[in-house]
Amino acid sequence: MEIKKIKESAYDAVDRIKNYIEAIGESVYGMPESGFKEFNTSELVKKEFEKMGLKCVTLGNIPGVKATIDTGKEGPGVAVIGELDGVICSQHKDSDNETGVVHACGHNIMIADMLGVAKVMMESMVYDELVGKIHFIAAPAEEYLEMDFRSELMEKGIIKYPTGKAELIHRGVFDDVDICVMIHALEGTHKVILESGSNGFIAKKTKYIGKASHAASAPDKGVNALYAANLGLMAINSIRETFKEESALRVHPMITKGGDAVNVIPAEVTLETFVRGSNIHDVVEANYKVNRAIVGGAVAMGAKVEIEDTPGMFPLVVDERLRNVAKEVGIELVGEDAVTTVPPSKGSTDLGDVSSIMPVIETCIGCISGGLHSPDYIVSNKETAYVTGTKFLTGMVIELLSNNSKKAKEIIKGYKPVFNYKHEYFAYADKLFLKDVYPKCDCMTDK
């Protein structure tokens with residue numbers, strides 16, 4: 001069957017199940033869960049896959065589900081990804097009363113549309129016209145939050161990496177995947193918004209350690225950790241002009257603890273920040289400079305400083321040819337005037353980790369208003385969210401795996417990953433973990 005007819009059949013099937021897709025989206029919206037806690041949502045997805053006759057692989061001690069449609073013909077594996085977690089925004093009217101979590105991120109739309117694609121493929125037998133495998137992956141923990149909880153999971157050996165997709169790479173979930181496609185809800189007048197990439201980051205916790213003393217009667221007996229922190233922040237600001245502009249480097253620290261009492265010299269001050277950028281090697285270089293600035297503040301005041309670095313997310317690299325396929329599908333669905341391309345985002349997504357080893361694309365669907373992660377967030381166009389989104393993902397799978405999966409094979413062959421194998425990615429990521437105390441001695445006494 002020619003590709004046009006395959007897609008027409010699939011799109012008609014989407015129209016027939018649009019109430020199902022929206023109902024799933026609303027069900028997920030009503031059970032918001034934060035990262036690595038999405039067991040209820042994960043179970044919902046698993047049950048829906050099983051109703052379709054698909055066997056599921058679950059991840060045991062963390063949430064996450066994978067199901068696969070095998071066409072029975074040798075070819076590439078294309079994964080449709082949905083994200084399970086919500087974001088903390090307690091001011092939103094629909095946030096959970098206890099946790100403050102809400103799907104003001106549109107991840108419930110991702111899950112619904114992913115399930116919609118699977119249902120269309122199974123019920124209309126569209127997959128019989130394709131070559132290769134279609135994977136459906138419900139991934140946990142994309143939003144980077146509740147890091148104390150994630151650190152505890154890492155300390156217990158439950159997870160190795162703090163974000164869902166990095167952990168899924170580690171667990172082998174992507175081993176038989178060659179290309180990944182996703183959608184993401186976004187605000188905008190265009191219905192299909194093609195991304196050009198995004199920043200990655202290293203997460204940093206810093207604790208300055210001084211010596212407490214009475215702030216009025218004995219300041220000479222203390223070591224002021226707050227002054228040390230202020231000097232560290234000033235040093236960071238002083239080195240910003242040395243950052244490579246083409247890598248869109250960003251450092252945005254905040255003081256999370258400034259002392260214990262106003263009449264006591266601050267003995268412990270903590271900072272947190274991300275060091276972000278569009279090129280992971282430049283992020284690492286900038287992170288070294290930031291650490292040097294942080295340590296300089298401690299040395300100047302005779303304080304100590306503990307630095308803890310964690311690899312957060314790698315930069316998202318978008319394959320141009322894969323984006324061209326997405327553009328074709330978008331124009332076919334909504335017309336050229338409703339499709340646009342946006343510059344690289346300064347934000348981050350853990351899809352960037354996957355893009356380090358294989359071609360991926362996350363295409364935004366203009367269906368919300370009020371802003372992501374905002375108390376004003378609403379889905380303003382459900383037809384676009386659930387119908388256009390599902391049709392887009394379905395069209396992408398068909399384009400990639402039809403005609404003996406010609407386009408998928410060309411994209412895979414021509415892709416130049418940041419790391420040739422996942423083991424190279426792991427080796428690089430593991431070197432980014434850091435936990436140490438500086439300086440090693442008192443610079444004035446060598447002790």
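**Exercise 1. Look at Glu48: is this residue buried or exposed? Then find its charged partner.**

Solution. Step one: Glu48 has a relative accessibility of 11%, so it counts as buried. For that label we use these cut-offs: buried means under 20% relative accessible area, exposed means over 50%, and partly exposed is in between, with a 1.4 Å probe and protein chains only.

Before step two, a word on where the values come from. This is a predicted model, where local features need pLDDT of at least 70, side-chain atom pairs count only at pLDDT 80 or more, and totals for chains, interfaces and linings use all residues. Residues are numbered from 1 along each chain as its sequence is written, and side-chain values use heavy atoms, with hydrogens and water left out.

Step two: side chains of opposite charge can pair when their charged atoms come close. Here the side chain of Glu48 forms a salt bridge with that of Lys51, at 3.2 Å from N to O. (A salt bridge is a side-chain nitrogen of Lys or Arg within 4 Å of a carboxyl oxygen of Asp or Glu.)

Step three: Glu48 and Lys51 are three residues apart in helix H3 (residues 39-51), so about one helical turn separates them. Helices (H or I, at least four residues) and strands (E, at least two) are DSSP runs, numbered from the N terminus.

Step four: check the partner. Lys51 comes out at 65% relative accessibility, so this one counts as exposed.

**Exercise 2. Which parts of the chain does the salt bridge between Glu26 and Lys382 tie together?**

Solution. Start with the distance: the side chains of Glu26 and Lys382 meet at 3.6 Å, N to O. Now place both ends. Glu26 belongs to helix H2 (residues 18-29) and Lys382 to helix H11 (residues 382-401), so the pair ties together parts that are 356 residues apart in sequence. Finally, look at the accessibility: Glu26 is partly exposed at 36%, and Lys382 is partly exposed with 36% as well.

**Exercise 3. Where do Glu306 and Lys207 sit, and how many salt bridges does the count come to?**

Solution. First, the pair itself: Glu306 and Lys207 make a salt bridge of 3.9 Å, N to O. Glu306 is in strand E13 (residues 304-313) and Lys207 in strand E9 (residues 200-209), so to speak two distant parts of the chain, 99 residues apart. Next, the accessibility: Glu306 is partly exposed at 30%, and Lys207 is partly exposed at 26%. Some salt bridges share partners, and these join Lys7, Glu328, Glu332, Glu399 and Lys407 into one network. By the salt-bridge rule, the count comes to 30.

**Exercise 4. What does Met358 touch?**

Solution. With a relative accessible area of 5%, Met358 is buried. Now list the contacts (heavy atoms within 4.5 Å): leaving aside residues up to four places away in sequence, Met358 touches Phe174, Val177, Asp178, Ile179, Cys180 and Tyr415.

**Exercise 5. Which residue has its C-alpha atom 6.8 Å from that of Leu434?**

Solution. Leu434 lies in strand E17 (residues 434-438) and is partly exposed, with a relative accessible area of 25%. The residue you want is Thr310, which is 124 residues away along the chain. Leu434 also touches Asn291, Ile307, Glu308 and Asp309, not counting residues up to four places away in sequence.

**Exercise 6. What is the phi of Phe36, and what is the phi of Asn403?**

Solution. For Phe36, phi is near 65°, a positive value in a residue other than glycine. Phe36 is in the loop between H2 and H3, and at 3% relative accessibility it counts as buried. For Asn403, phi is near 55°, again positive in a residue other than glycine. Asn403 sits in the loop between H11 and helix H12 (406-414), and at 59% it counts as exposed.
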